[in-house]
Amino acid sequence: MNLSRRDALAALAGVGALGLTGCSRLADGARQANRGALTPPKTEDDPVRRALDKFTFGPRPGEAAALREQDLDAWFEAQLTPTDEPASLDMMLRRMEIHQFSPYDLRDLPLETVLAQIQQAGLLRAIESSNQVNERLVDFWNNHFNIFGRKGMAAYRIPLNERQVVRAHAQGQFPRMVEASAKSAAMLVFLDQQNSNPRQPNENYARELMELHTLGVDGGYTQKDVMEVARCFTGWTEERGFLQAKGSFKFEPTLHDGGAKVVLGEQIPAGGGVTDGERVVALVATHPATARHISRKLCRFFLGEMGVARLAPEVEKTFAETQGDIKAMMRTLWQGYRRHDDWAPTLKRPLDFIASSLRALDADTDGALPLQRHLLAMGQPLHQWPMPDGYPDATASWTGSLLARWNFAADLAANRIGGTRIDLPGLVKRGMPNHAPGLVTHRPDLPPALAESLAGLDLRDQVGLLLAAPEFQWR
């Protein structure tokens, strides 16, 4: 049974018991749960569970306990060197057409099929991947270099863009990632670069390169800089020629403005051709404003505003010293994180919430449309944010997704999501805790009001309630 809007309004005093059999019991359970659904839970987390919540898509059953017997710093360092994925995940990904064909060949498939496979792959990687820190970074960079899959033919270009831009450079050198993005047909076409010429230089890509990808909105550039950068990128387009590698990057000299330009005070002489754009990328990707912008954004993504206040200057310094080495920046972020044990929780975005729920309960899923519909209902269908800035990470941006989250929790606990199944008795038989707090929150102690709301419920209903409770909504 799904929550109605009326039931949700009755339950706004706290997060509800979603797996219950009647709406009145659901609302009663909700009112007994922690008051203030958007208030971060006040819990004394152990360092291992907190680290898994902050830097991964959440622990699997028994993972936190096993990691307590290891060195946490060694675990994080190992996560910075991705290893082969589980064979089951690799097989599921390889079967998808988006990983077998070029962007132009994929056009034989319906748009909705391609978008569904893109989302399926993203969900499966978040849930099943052994390289959890890397997958969180991939999520970060996919949003940083956002491409709206429903604009024109963008969806057909996104899989190649993710492989060649995001995954190839997720822990590499930031300037190389920017250059790869600048030469990605997916990004160029999304931002209308194929229409650029000397008479009408396209300012869309020029502006987003500086405002979003590198310098930041307060990065010190002017409208004149935008116009000059647009001139530098004239001639950058997509290969569409007969018997050519369609969909790859192409520089067309006849469409390039060969005159002299000035960008951020730097002279770019006439006659540079394709190197005009390459010089711009090198200039903005290593600029001090870029170091500040990327460092703040990275800290906010993993640790919220507290991370920005405490660690952004250190991460920025590492960016400057290493010319944007992302792995080095992540080490600095981790080391700063480890110096404190009072990190404030941050609200999980829908992808985080769904992935952590399925990981916590060791769910078996195909990541297909029934699961994707829940992600859509929560407001985060992958690669379907229409603006170039990517899905927001502020808590206030996701307050409207609570009803959809509660319905997902109810459906998951009751095994009502097609292609996705949890086996609670099987988990107990394998030696996992036989109580919901141990299975979902990986802790036996709960706030009294929430513990009281679990009384008298069977394991399935307890799981549904706890997935929806503040203790699980925040990481």
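## Lysine 261

The side chain of lysine 261 reaches the backbone oxygen of aspartate 257 at 2.4 Å. A polar atom of that side chain also lies 2.9 Å from the backbone oxygen of glycine 259. A polar contact here is a pair of N or O atoms within 3.5 Å; within protein, one must be able to donate a hydrogen and the other to accept it, and residues adjacent in sequence count only if both atoms are side-chain atoms. This is a predicted model, in which local features need pLDDT of at least 70 and side-chain atom pairs count only at pLDDT 80 or more, while totals for chains, interfaces and linings use all residues. Residues are numbered from 1 along each chain as its sequence is written, and side-chain values use heavy atoms, with hydrogens and water left out.

Lysine 261 is part of strand β3 (residues 261-263). Helices (H or I, at least four residues) and strands (E, at least two) are DSSP runs, numbered from the N terminus. Lysine 261 has 1% relative accessibility and so counts as buried; buried means under 20% relative accessible area, exposed over 50%, and partly exposed in between (1.4 Å probe, protein chains only). When neighbours within four places in sequence are left aside, lysine 261 is in contact (heavy atoms within 4.5 Å) with Glu228, Arg231, Cys232, His256, Glu266, Gln267, Ile268 and Asp276.

## The chain as a whole

The chain has 25 helices and six strands. Of its 475 residues, 56% count as buried. Among contacts between residues at least 6 apart in sequence, 71% join residues at least 24 apart.

## Histidine 169

Histidine 169 belongs to helix α10. With a relative accessible area of 17%, histidine 169 is buried. The C-alpha atoms of histidine 169 and isoleucine 326 are separated by 8.7 Å, although the two are 157 residues apart along the chain. Ile326 is also one of the contacts of histidine 169, along with Gln164, Arg176, Met177 and Ala180, when neighbours within four places in sequence are left aside.

## Helix α5

Helix α5 covers residues 72-79, and its buried residues are Leu72, Trp75, Phe76 and Gln79. Seen down the helix axis, these buried residues fall within an arc of 95 degrees, so they line one face of α5. The arc is that of the directions from the helix axis to the C-beta atoms.

The buried residues of α5 pack against α3, α4 (63-67), α9 and α17 (326-338). At the N-terminal end, α5 is capped by aspartate 71, which has a side-chain oxygen 3.2 Å from the backbone nitrogen of aspartate 73.

## Pockets

Rolling a probe the size of a water molecule over the atoms shows where empty space is left. On a 1 Å grid over the protein atoms alone, a cavity is a set of points where a 1.4 Å probe fits but cannot get out, and a pocket is an open set with protein on both sides within 12 Å along at least five of seven lines; lining residues have an atom within 4 Å of a point. Grid points are joined across faces, edges and corners, and a volume is the space filled by probe spheres set on the points.

The largest pocket holds about 550 Å³ of space. It is lined by 33 residues, of which Arg125, Val138, Asn142, Glu162 and Arg167 are the closest to its centre. Two or more lining residues come from each of α6 (87-94), α8 (111-128), α9 (132-144) and α10 (154-169), and α9 gives the most, with six. The second largest pocket has a volume of about 440 Å³. Of its 22 lining residues, Leu212, His293, Lys297, Arg300 and Asp393 are the closest to the centre. The largest share of this lining, seven residues, comes from α16.

## Cavities

There are two cavities of 30 Å³ or more. The largest cavity has a volume of about 50 Å³. Ten residues line the largest cavity, and the closest to its centre are Arg49, Asp53, Lys348, Glu471 and Phe472. The elements that give two or more residues to this lining are α3 (47-55), α22 (436-441) and α25 (470-473).

The second largest cavity has a volume of about 40 Å³. Its lining is made up of Asp53, Thr56, Phe57, Gly58, Arg136, Lys348, Asp352, Ser356 and Arg475.
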